[in-house]
Amino acid sequence: MADLSVDICGLSLKNPTMLASGVLDETGKTMASIARAGAGAVVTKSIGREPRQGHGSPCIVELGDSLVNAMGLPNPGIDVFGRELEEAKKAGVPIIGSVFGGGEAEIAEMARLMADAGADAIELNLSCPHAKGFGAEVGSTPERVESICRAARSGLDIPMFAKLTPNTSSIVDLAKAAERGGADAIVAINTLKGMVISPEARMPVLANRFGGLSGPSIRPIGVRCVYEIRGAVKIPIIGVGGIESGNDALEYIMAGASSVQIGTAVWKHGPEVFSKVCEDISEFMNRNGFDRIFEMVGVAHEVKH
Amino acid sequence: MKSSIRMLKVSEHIDETPNVRTIVLDGSIEAEPGQFVMVWVPGADEFPMSISYIGDQMGITYQIVGDGTKALSIKHVGDLVGIRGPYGKGYTPIGRKPLVVAGGTGMAALSPLIERLKLNQSEVRVVIGARTAREILFRDRAMKAGAEVVITTDDGSEGEKGFATDIAVPILQTREHDIVYCCGPERMMTKLADKCSELSIPMQASVERLMKCGIGICDSCAIDGLHVCRDGPVFSIDVLKGFSEFGRTKLDATGRRIDI
């Protein structure tokens with residue numbers, strides 16, 4: 001019988017699925033309901049120092065089963081987020097606090113504040129593609145990724161993940177930099193920067209014009225990124241981008257991810273997607289003689305063509 | 001893959017009351033009464049609106065409350081407006097003798113329900129609460145559908161002086177009605193919910209929260225772990241009574257909790 005539990009940097013997860021940052025994770029009760037629906041861990045919405053409204057509307061465009069969003073990092077600020085975190089933790093799964101900031105000092109401060117608020121691990125958002133001065137704007141060069149990770153890591157006594165952007169010439173270089181800076185794991189990938197124009201309106205649909213593409217259409221890119229990163233770093237990788245089924249999760253795992261995150265699929269499939277993905281993985285493992293998830297991590301690298 | 005937004009031409013723009021207008025769009029829509037669409041006014045804003053006319057043409061009945069509705073109000077016949085949806089869960093038209101209670105612009109969401117209920121041969125009584133006689137919305141429409149209409153106004157300029165609940169609560173006491181449908185200010189709905197709960201009368205109410213994505217992923221319209229855009233906007237009384245936030249708190253645009 002397959003055992004789906006995984007250990008990520010000392011965090012014990014009952015299964016390898018996590019809720020990805022940005023989806024249904026601004027309020028404690030919603031996060032708890034996702035956890036109860038089967039997620040092994042929950043990553044919070046990215047939280048900053050001050051309350052922030054985010055971009056104007058439209059902030060989302062539906063494209064078949066994919067989305068382009070430009071929420072713009074709306075969040076209530078770290079000072080009041082603690083009580084949402086407390087509520088989320090009632091569901092009994094690890095809660096990973098996602099934080100953003102405008103530079104290494106602010107991001108390091110945010111990581112410490114999020115740890116103080118009770119998060120079980122920190123995810124640094126170095127990759128949001130549509131918020132001026134934050135996210136990918138501070139995380140697009142190896143130098144900055146390394147210095148931010150180093151600053152945030154010091155004084156933090158819980159695991160720290162670096163979520164990286166694919167909107168760069170080499171995500172592998174960013175991953176290596178994060179590892180050098182002391183990140184305990186890599187999260188890959190964030191959304192791909194994109195734009196949707198309405199020909200009838202003759203203008204971009206998103207109020208912010210640019211947004212981030214997520215959903216099944218980016219999965220091959222995410223899988224490729226994880227595969228490349230696996231060959232370049234020793235720390236664990238958490239794969240994210242377009243996962244909707246056990247098969248999709250297994251692609252990431254075999255590319256080298258120790259666990260996966262699911263976000264956009266919650267839109268089409270509801271919170272039940274977590275238990276469904278886990279059932280699929282379990283069934284695959286039973287059929288193929290795998291007992292533990294780690295036995296499958298990175299196996300796609302072993303095949304010689 | 002084309003985006004799900006339909007760009008529709010404005011076919012008519014109607015003054016309903018001094019503050020409320022209906023914009024009619026040249027595009028058909030199939031929806032449950034109480035469901036909503038996201039309305040995009042290019043270059044201005046996108047916001048959720050309940051559908052006030054469902055069928056071959058779609059109607060949105062609105063009050064100017066911000067930049068988005070202001071931009072919508074200056075659209076002329078032939079101009080384009082973007083629509084995605086319908087979204088959410090609407091009212092379920094059931095009951096032999098329903099009581100419909102509307103406050104503010106609540107009749108926008110309730111009017112298609114009243115018409116649907118009358119098609120089902122229900123005996124419908126409607127209480128419309130307005131601030132003044134001039135602001136009574138869709139009274140003629142409800143009467144044309146065959147409903148009995150009772151009016152209350154805050155200033156007594158027409159009908160009974162007072163709030164919709166001042167009339168609706170005593171009506172409920174008579175136990176003539178087997179279901180209550182409402183849409184209006186949250187205080188009105190909590191008052192009705194308390195009464196319906198006490199008398200064990202089923203109720204369905206349309207809840208409003210700040211909505212951004214409209215499709216159940218951004219968490220901005222969260223209420224006790226459910227989402228107004230996907231699980232609502234219409235909730236049954238069993239769900240409403242389980243909410244600790246209904247009538248008490250909501251989230252602002254940053255996600256901070258504020259008192260209602």
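Colleague: Where in chain A does A:N75 lie?
Modeller: In this model, which is predicted, A:N75 sits in the loop between β6 (66-69) and α2 (78-89) of chain A.

Colleague: What does the side chain of A:N75 reach at 3.3 Å?
Modeller: That side chain reaches the backbone oxygen of A:L73 at 3.3 Å, and a polar atom of the side chain of A:N75 also lies 3.0 Å from the backbone nitrogen of A:G48. The cut-off for a polar contact is 3.5 Å, and both distances, 3.3 Å and 3.0 Å, are within it. Leaving aside residues up to four places away in sequence, A:N75 touches several others, among them A:E26, A:R52, A:F100 and, from chain B, B:T254.

Colleague: Which residues of chain B lose the most area to chain A, and how much is buried between the two chains?
Modeller: The area buried between chain B and chain A is about 3000 Å², with carbon and sulfur atoms giving 60% of that area. In chain B, the residues that lose the most area to chain A are B:W40, B:I217 and B:T254, which together make up 20% of what that side buries. The contact takes 40 residues from chain A and 36 residues from chain B.

Colleague: What makes the pair B:R257 and A:E84 a salt bridge?
Modeller: The term asks for a side-chain nitrogen of Lys or Arg within 4 Å of a carboxyl oxygen of Asp or Glu, and in this pair the closest N and O atoms are 3.0 Å apart, so the pair is counted as a salt bridge. Between chain B and chain A the count is 3 salt bridges, and there are 17 residue pairs in polar contact, both residues being at pLDDT 80 or more. By class, the side of chain B that touches chain A has 15 nonpolar, 10 polar and 11 charged residues.

Colleague: How do you know that B:T22 is buried, and in which strand is its place?
Modeller: B:T22 has its place in strand β2 (residues 20-25) of chain B, and B:T22 is called buried because its relative accessible area is 0%, where the term needs a value under 20%. The side chain of B:T22 makes polar contacts with the side chain of B:E16 at 2.5 Å and with the side chain of B:T61 at 2.8 Å. B:T22 also touches B:S52, and these two residues are 30 residues apart in sequence and 8.2 Å apart in space, C-alpha to C-alpha.

Colleague: Why does the radius of gyration of chain A agree with that of a compact globule?
Modeller: A compact globule with 305 residues would have a radius of gyration near 19 Å, and chain A has 18 Å, so the two agree. The C-alpha trace of chain A spans about 50 × 50 × 40 Å along its principal axes, and buried residues make up 62% of the 305 residues. The secondary structure of chain A comes to 9 helices and 16 strands. Of the contacts in chain A with a separation of 6 or more, 71% are between residues 24 or more positions apart.

Notes: Residues are numbered from 1 along each chain as its sequence is written. Chains are lettered from A and ligands numbered from 1 in the order in which they are written. This is a predicted model: local features need pLDDT of at least 70, side-chain atom pairs count only at pLDDT 80 or more; totals for chains, interfaces and linings use all residues. Side-chain values use heavy atoms; hydrogens and water are left out. Contact means heavy atoms within 4.5 Å. Buried area is the accessible area (1.4 Å probe) that two parts lose on being put together, summed over both. A polar contact is a pair of N or O atoms within 3.5 Å; within protein, one must be able to donate a hydrogen and the other to accept it, and residues adjacent in sequence count only if both atoms are side-chain atoms. Ala, Val, Leu, Ile, Met, Phe, Trp, Tyr, Cys and Pro count as nonpolar, Asp, Glu, Lys and Arg as charged, and the others, Gly among them, as polar. Helices (H or I, at least four residues) and strands (E, at least two) are DSSP runs, numbered from the N terminus. Buried means under 20% relative accessible area, exposed over 50%, partly exposed in between (1.4 Å probe, protein chains only). The radius of gyration is taken over C-alpha atoms; the globule rule is 2.2 Å times the number of residues to the power 0.38.
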